[in-house]
Amino acid sequence: MSSAKRPGTPGPGSHVADSHDLIRVHGARENNLKDVSVDIPKRRLTVFTGVSGSGKSSLVFNTIAAESQRLINETYSAFVQGFMPTLARPEVDVLDGLTTAIIVDQQRMGADPRSTVGTATDVNAMLRILFSRLGEPRIGPPSAYSFNTASVRASGAITVERGNKKAVRATFERTGGMCTHCEGRGTVSDIDLTQLYDDSKSLAEGAFTIPGWKSDSQWTVQVYAQSGFVDPDKPIREYTEKELRDFLYGEPVKVKVNGVNLTYEGLIPKIQKSFLSKDKEAMQPHIRAFVERAVTFTTCPECEGTRLSEGARSSKIKKISIADACAMEIRDLAEWVRDLTEPSVAPLLTALRDTLDSFVEIGLGYLSLDRPAGTLSGGEAQRVKMIRHLGSSLTDTTYVFDEPTVGLHPHDIQRMNDLLLRLRDKGNTVLVVEHKPEAIAIADHVVDLGPGAGTAGGTVCFEGTVEELRAADTVTGRHLDDRAVLKESVRKPAGALGIRDARTHNLQGVDVDVPLGVLCVVTGVAGSGKSSLIHGSVPAGADVVSVDQSPIKGSRRSNPATYTGLLDPIRKAFAKANGVKPALFSANSEGACPTCNGAGAIYTDLAMMAGVATPCEDCEGKRFQPAVLEYRFGGRDISEVLAMSVDQAEEFFGAGEARTPAAHKILQRLSDVGLGYLTLGQPLTTLSGGERQRLKLATHMGEKGGVYVLDEPTTGLHLADVEQLLGLLDRLVDAGKSVIVIEHHQAVMAHADWIIDLGPGAGHDGGRVVFEGTPADLVADRSTLTGEHLAAYVGV
């Protein structure tokens, strides 16, 4: 079906090397792919479409890109491969014509508190060298301008083992730029002691209110109770000044607890090491809630949030310090660098200008280099990763993109399309997984997977041009020209949430009333201040349920049943029916097969070669002990229940002897968001981005709240899935909830009762409300970029 030339005998006058113009995939079986065979033209832009979960990522990322990376890794020596991630060969019969693959995925950048836009893109490294050469006063090498490098001074005797051993005197000194007060984090933490313990109780009475700290058995608590520094039977409020100091700030010291040597240290440093040194997003929900409750972060008073030492802040070039440079919007910084002319650092200035100009060109000129990397949206993170490839001289490379239009306003999508076409025109193969019609429209070749999701997908339904796709009878073909229509009537608000003088990030004293009891969409170009307005101003109280863009974290032991809490009522139902403990029905607890520890497979590590996973022979991959599988509920054992799809389980737990209302309720929510085809025990690692987004949405729908804040819920959703999402939003509003959606998708805008449009531009050109009203008013007004694009979308 492809119009690309197949390899064969070269024509007259052509070289045999020119015949390799296809990437051939035959018999791909990764995840849900069913012996997929497809020919992809090289040096063209190919878009892969299909409903969420149809197998697009399995084909593009887990098969083509994964095999390309594996083959490149194999060119290195075994010694070097030992330091690289090991990759198994994908389940595929033939992969021919591969070129080097560069992957630009949607993974959010690490939320490490020390990682910023500048450090993630190497711009900070270039600035540090620049200031170490031109900054006045001179304070030292590039490390003197790094907030990740502490100053170190040491002296003493060292033994040199060369010929005759001898001790020599040595001194060592390194100048770093780290602020000593906040240790380069820019913020300092203040801990609310009332959230750590109840001072009216003694340790023996269970004074601690920290999650997981129980006075009767927890070792940590026993260390405090038996340390000898405090009286375990005395209420904390009655401690002497010395006891309280030892209790809160005591230095680490060895103590004996029940005959075992353990380390005692004060409660405050203990909490800082146990909780504050970890990534908050990676914590379990109840631990994260405790940290948010107990710890307040304030700007460091010594460095004023710059993370840098006084010396680093004092060194300047043309009255600008490195802290000032990192705080500027990148487009302003690019202008400042352009004005620097110093022959001694000319190559450095050229590289720095090119990189900063790439930021502006890709639409991220509104960011600043000191912006924490963890606060970037998925779309912003993906574009930041693209920057290093824009000026690349590489050709005949395969670039693989995962929904590059995520988080982009329709106005910004055209700019992204131009970048993809430019990469192709340099002679590269560009593979794009995408749902947006505007991005599909620029494809030279389209591969549509489906027809459904999960087990109902995994086949190629169509190959050809965009025009041929429009005429094809596939889900994507039928929905490609879908256009939502404006509502004839909108709901009336039941109240309003007043936001006054909002100044988070780039907001310029915004005053706005967010209507309640309706579907309110907050929109605007990327970087206009949408998330800052809603997440920064809507109080995260007991009545607000916020579903952000943070990714689901899960291992191969996690699955929809464990993530949503569905497994709890199922385990209890099995336990009650059989008169045994619920823990038996967990593959991560007592019921696990002892041979594979509940993993269902035996994993063998082969060092630099790909590890091997073989199904466990004892449990045959069922993950449970044989004795546990003897217990039945509703005629099924626990492994059979976990093998059910959501739709099958909803029917199973909805009526008859297996009726379990708590489980049925969760299954209904999963079905409502369109995940009826997922199996309950499917590892989270096999889910697509859109499936993970909807799984998270279904989980949050179970939380009690009157106001739902959703941040780009259409991420990863096919055109057909967006209709289902709109139905879900309507049901929420009709049930008396208030729904606030931060969104760029025109179908969601057209479906809204009220729109708040921010802009007019990004960064310091944005941060203002440029329109408030109904979608019909926005289209009629056409005074904003959003209004123009929405009018074109609905055909007015």
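Q: Which residue's side chain does a polar contact of 2.7 Å join to that of Ser 368?
A: In this predicted model, local features need pLDDT of at least 70 and side-chain atom pairs count only at pLDDT 80 or more, while totals for chains, interfaces and linings use all residues. Residues are numbered from 1 along each chain as its sequence is written, and side-chain values use heavy atoms, with hydrogens and water left out. A polar contact is a pair of N or O atoms within 3.5 Å; within protein, one must be able to donate a hydrogen and the other to accept it, and residues adjacent in sequence count only if both atoms are side-chain atoms. At 2.7 Å, the side chain of Ser 368 is joined by such a contact to that of Asp 370.

Q: Is Ser 368 buried or exposed?
A: Ser 368 lies in the loop between helix H12 (346-361) and helix H13 (378-390); helices (H or I, at least four residues) are DSSP runs, numbered from the N terminus, as are strands (E, at least two). Buried means under 20% relative accessible area, exposed over 50%, and partly exposed in between (1.4 Å probe, protein chains only). With a relative accessible area of 15%, Ser 368 is therefore buried.

Q: Why is the pair of Tyr 224 and Tyr 264 edge-to-face?
A: Rings of Phe, Tyr and Trp (its six-membered ring) pair if their centres lie within 6.5 Å; planes under 30 degrees apart count as stacked, over 60 as edge-to-face and the rest as tilted. By this rule there are 16 aromatic pairs. For Tyr 224 and Tyr 264 the ring centres are 5.3 Å apart, and the pair is edge-to-face because the planes stand at 70°.

Q: Which elements hold Tyr 224 and Tyr 264?
A: Tyr 224 is buried at a relative accessible area of 1%, and Tyr 264 also counts as buried at 1%. The pair links distant parts of the chain, 40 residues apart: Tyr 224 is in helix H5 (residues 219-225) and Tyr 264 in strand E10 (residues 260-264).

Q: How many disulfides does the structure hold?
A: A disulfide is a pair of cysteine sulfur atoms within 2.5 Å. The number in the structure is zero.

Q: Which cysteine has the sulfur nearest to that of Cys 300?
A: Cys 300 counts as buried, at 1% relative accessibility. Cys 300 is in no disulfide, and the nearest cysteine sulfur, 3.6 Å away, is that of Cys 303.
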